[in-house]
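Dear colleague,

I am handing over a structure that you have not worked with before, and I would be glad if you could look through it alongside these notes.

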Amino acid sequence: MGMSGKLMVGNWKMNGSLAANTSLLSELLSGMGGVNCLAAVCVPATHLAQAQSLLAGSALALGAQDVSAHESGAYTGEVSAAMLRDFAVRYVIVGHSERRQFHGETDTVVAHKAQRALAAGITPIVCVGESLAEHEAGQTEAVVKRQLAAVIHTNGHCISEIVVAYEPVWAIGTGLTATPEQAQAVHAVLRAQLQAATAHSQRVPILYGGSMNAGNVAGLLAQPDVDGGLIGGASLKAPDFLSMLKAASR
Ligand code: PEP
């Protein structure tokens, strides 16, 4: 069993606009009554300033979707952890499968991104998960353990300050969700790996992600090692995200 109190994180991906964000965030903030779980939204880097100002003083924390593995310098297009810190970013997603798949991020790069975030006082949400082919080949455990091992190797005892998100790639944006039992089985593997690496593994939330929605959230969150969710599509619809936050607040 992990932390008490669930953590629910929205991942907007490359969606939104100044106008759309204003209405989504105001709808979310006005519906937060009765929500007592931890909650955050990870917005595009260009929208951090706007979201910081709209979320100031609220119960909804600010997150980013990626961070550079480098500290500063000649890395055109990249955003550093210190830059995120300037906008009071609390969480940053690292190693999302879309970054691994479309931007060539290796386990080592992801581990260094987590390290930059930690050094800046930002909690990295480290994503791990197997592809459909790996799933069908029975390699799920081996893949997620390899991905998490790289982060442990680079970050040592600091990994007690991370968040892990198990996101089976075949479940992201597909409408296919791991069953609660499938998710729990992988979360238990990750929990054991964290336990072997730090005496403070209990404080590391392990989130599930992959087509989580208002209908399946309760079953997933009922599992002993599912400490919350990383939510893509459903986090863009205020009523859906709010009902998931409420399901996580029981
Ligand atoms: C994600 O991108 O982290 C995710 C879980 O997406 P979705 O909820 O849309 O499957």
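What follows is a short account of the fold and then of the ligand site.

Please keep in mind that this is a predicted model, in which local features need pLDDT of at least 70 and side-chain atom pairs count only at pLDDT 80 or more, while totals for chains, interfaces and linings use all residues. Residues are numbered from 1 along each chain as its sequence is written, and side-chain values use heavy atoms, with hydrogens and water left out.

In the fold, 8 strands close into a barrel with parallel pairing, in the order S1-S2-S3-S4-S5-S6-S7-S8, and the twist from one strand to the next averages 25°. Strands here are DSSP runs of type E with at least two residues, helices are runs of H or I with at least four, both numbered from the N terminus, and two strands pair if DSSP finds at least two bridges between them. Strand S2 (residues 38–43) and strand S3 (residues 60–64) run parallel and are joined by 5 bridges; Cys-42 has Gly-63 in S3 as its bridge partner. Helix H10 (residues 238–247) lies across S1 (7–11), S2 and S8 (228–231), at about 165° to S1 (axes are lines fitted to C-alpha atoms, for helices over the stretch in contact, and angles run from 0 to 180 degrees between N-to-C directions; contact means heavy atoms within 4.5 Å).

Turning to the ligand, 14 residues surround it, the closest being Lys-13, His-96, Glu-167, Gly-173 and Ser-211 (a residue counts as near if one of its heavy atoms lies within 4 Å). Ligand oxygen atoms lie 2.8 Å from a polar side-chain atom of His-96, 2.7 Å from an N or O atom in the side chain of Glu-167 and 2.7 Å from a polar backbone atom of Gly-173.

Lys-13 sits in the loop between S1 and helix H1 (18–30), and its phi is near 55°, a positive value in a residue other than glycine. Ser-211, in the loop between S7 (206–209) and helix H9 (217–221), also has phi near 55°.

Definitions and conventions
Polar contact = N/O pair within 3.5 Å; in protein donor to acceptor, adjacent residues only side chain to side chain.
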